[in-house]
Amino acid sequence: LLKAKTLNPGWFGHPGSTTIYLIALCTMLVYAVGWLAGVWATSHEFLTAIYANPALIMVPQRMMIAIPGLITVWLVYRIGRDTHSARVGLIAAAILALSPLHIELSQLIRTDVQMAMFVMASVYCALPLREGIRFRPLVSSAIFAGLACATKWPGIIILLVPLSLTLNKANGLRQKLGYAAIGLLVAIAALVVSSPYILIDYQTVLGDVLIEGRPRHLSQTSLGKLETLGTYLFVVIPAALGWPAAIFSAAGLALALGRGRRSRLGIVLVLPALAFLALISLQSIMWPRWAVPVLPFLCLFAAIAANELLVRLTSTRRHRASIAIALALTLYAPLAIAARDGARERSNETRDQALRWIARNVPAGASLAVETPAIALLHGPWELRYPLGDLGCVDPRRAMAGGVDYDDVARATGDRININLATIAPTKVDSCKADFIMVNELDRYSAEAHYYPAELAVYRALLANTHEVAQFAPRSGEVGGSTVRIYAR
């Protein structure tokens with residue numbers, strides 16, 4: 001956005017527009033602060049400073065994503081408090097705050113947590129609609145639904161909440177249709193205002209959506225709808241909430257369904273939770289991060305069940321404190337342990353180990369090909385080569401200095417989802433051959449060799465006449481990332 005001097009993101013796969021615009025705004029603010037402080041006087045000096053110290057923009061951008069994560073926790077508390085009690089809100093918020101998946105995604109510059117924030121904001125604004133038709137809650141809830149959609153397309157599902165509550169309370173077909181039309185139009189308006197190029201550049205939108213809807217993705221292809229649902233229910237969600245909280249969430253879902261007619265919890269909590277879960281389970285691709293918008297609802301369900309159990313067990317004054325402590329340990333201890341292990345993995349990834357090995361063992365002046373960006377390598381004494389589709393491998397220093405045009409990059413990468421050594425043009429393999437080659441996708445392609453024979457053929461041609469000199473594998477709770485292998489010629 002900044003270099004091309006346009007507001008067109010040029011990519012609408014998620015569509016991700018709110019995240020892209022916030023990243024651009026964050027970068028401009030960093031530039032403005034540095035300019036006012038006299039740290040840099042021109043954009044060229046700013047870019048030079050970023051290449052020397054990427055933390056200048058990476059830290060603010062990560063904070064930008066972490067803040068929506070915190071707001072989502074707060075919204076879960078408010079929804080739990082307003083639908084049940086402050087204790088339900090606190091229990092649910094604490095579960096979400098300790099969720100390893102929520103913590104991980106809140107530290108990455110991705111769209112998932114930001115979309116979850118807009119989803120829960122839409123639910124919170126819609127709560128007054130349980131008592132009757134009110135114009136302001138309907139409009140505000142619809143606006144957040146539109147923003148959720150501008151962040152990730154499935155976010156529009158949350159519009160079901162204000163529309164269903166409105167239709168439930170409105171009298172007569174004309175009034176029902178009128179309020180439903182208002183909600184729908186406001187959501188569409190919010191989507192278009194926050195991402196105007198969805199209409200202006202609709203051809204790119206259609207192309208990106210088709211690519212995102214592809215039937216296969218490396219290591220993430222679904223084995224079938226039921227298998228995908230089972231993976232989310234019995235693998236992803238227990239890992240995100242811990243088994244105790246996952247079991248409590250199932251019990252809380254049953255309680256919410258039983259009480260739904262009286263408090264309309266079925267519309268406010270159950271309907272969106274099941275709608276999101278159904279949508280992600282019907283896809284051809286499965287990502288654990290797609291469960292992020294479901295987690296706040298599951299935390300609320302778990303809190304409802306935990307609170308019900310606490311009330312029943314502490315109906316007398318005997319052992320009340322002991323019961324509360326035991327329940328808290330049951331819910332939160334597994335999450336705290338998992339969150340600790342996740343933090344340990346993220347701080348000790350296989351790629352970081354490989355980079356340290358390269359710093360110690362690859363001699364100055366040697367050529368080095370890598371298939372994932374690593375800013376730290378730019379300051380090293382090596383001749384670097386990085387894969388870029390039809391262009392083969394390019395010098396990343398020259399590319400970052402403006403030696404490769406963005407339009408050329410777009411044409412070279414085309415509709416490739418994965419940009420790595422396996423997806424370069426076969427005729428450009430020689431441009432990637434180097435004294436040392438670091439690969440981190442080979443094992444993933446090998447595990448699905450029947451789907452990716454062309455990519456594996458590129459690896460074989462590239463690694464011919466080399467031998468493996470180092471390997472770094474992930475270990476649960478200790479080392480994160482994928483298996484990284486380093487080859488020498």
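A residue is termed buried when its relative accessible area is under 20%, exposed when it is over 50%, and partly exposed in between (1.4 Å probe, protein chains only). By this criterion, 48% of the 489 residues of the chain count as buried. The structure is a predicted model, in which local features need pLDDT of at least 70 and side-chain atom pairs count only at pLDDT 80 or more, whereas totals for chains, interfaces and linings use all residues. Residues are numbered from 1 along each chain as its sequence is written, and side-chain values use heavy atoms, with hydrogens and water left out.

The secondary structure of the chain comprises 21 helices and six strands; helices (H or I, at least four residues) and strands (E, at least two) are DSSP runs, numbered from the N terminus. The chain has a radius of gyration of 25 Å, close to the 23 Å given by the globule rule for 489 residues, and is therefore as compact as a globular protein of that length. The radius is taken over C-alpha atoms, and the rule is 2.2 Å times the number of residues to the power 0.38. Along its principal axes, the C-alpha trace spans about 75 × 55 × 55 Å.

Within helix α8 (residues 160-169), the buried residues are Val161, Pro162, Leu163, Leu165 and Thr166. These buried residues pack against α6 (112-126), α7 (135-151), α9 (173-194) and α14 (265-281). Helix α14 contains proline 272, a buried residue with a relative accessible area of 1%. Apart from neighbours within four places in sequence, proline 272 is in contact (heavy atoms within 4.5 Å) with Ile158, Val161, Ile267 and Phe297.

A search of the whole structure finds one disulfide, defined as a pair of cysteine sulfur atoms within 2.5 Å. The bond is formed by cysteine 393 and cysteine 432, whose sulfur atoms are 2.0 Å apart. The torsion about the S-S bond of this pair is about 105°, so the disulfide is right-handed. Cysteine 393 lies in strand β3 (residues 393-394) and cysteine 432 in the loop between α19 (406-413) and β4 (436-439); the pair therefore ties together parts that are 39 residues apart in sequence. Both cysteine 393 and cysteine 432 are buried.

Cysteine 149 takes part in no disulfide, the nearest cysteine sulfur, that of cysteine 125, being 17 Å away. Cysteine 149 is buried, with a relative accessible area of 5%. Cysteine 299 is likewise in no disulfide, and its nearest cysteine sulfur, that of cysteine 125, is 20 Å away. At 0% relative accessibility, cysteine 299 counts as buried.
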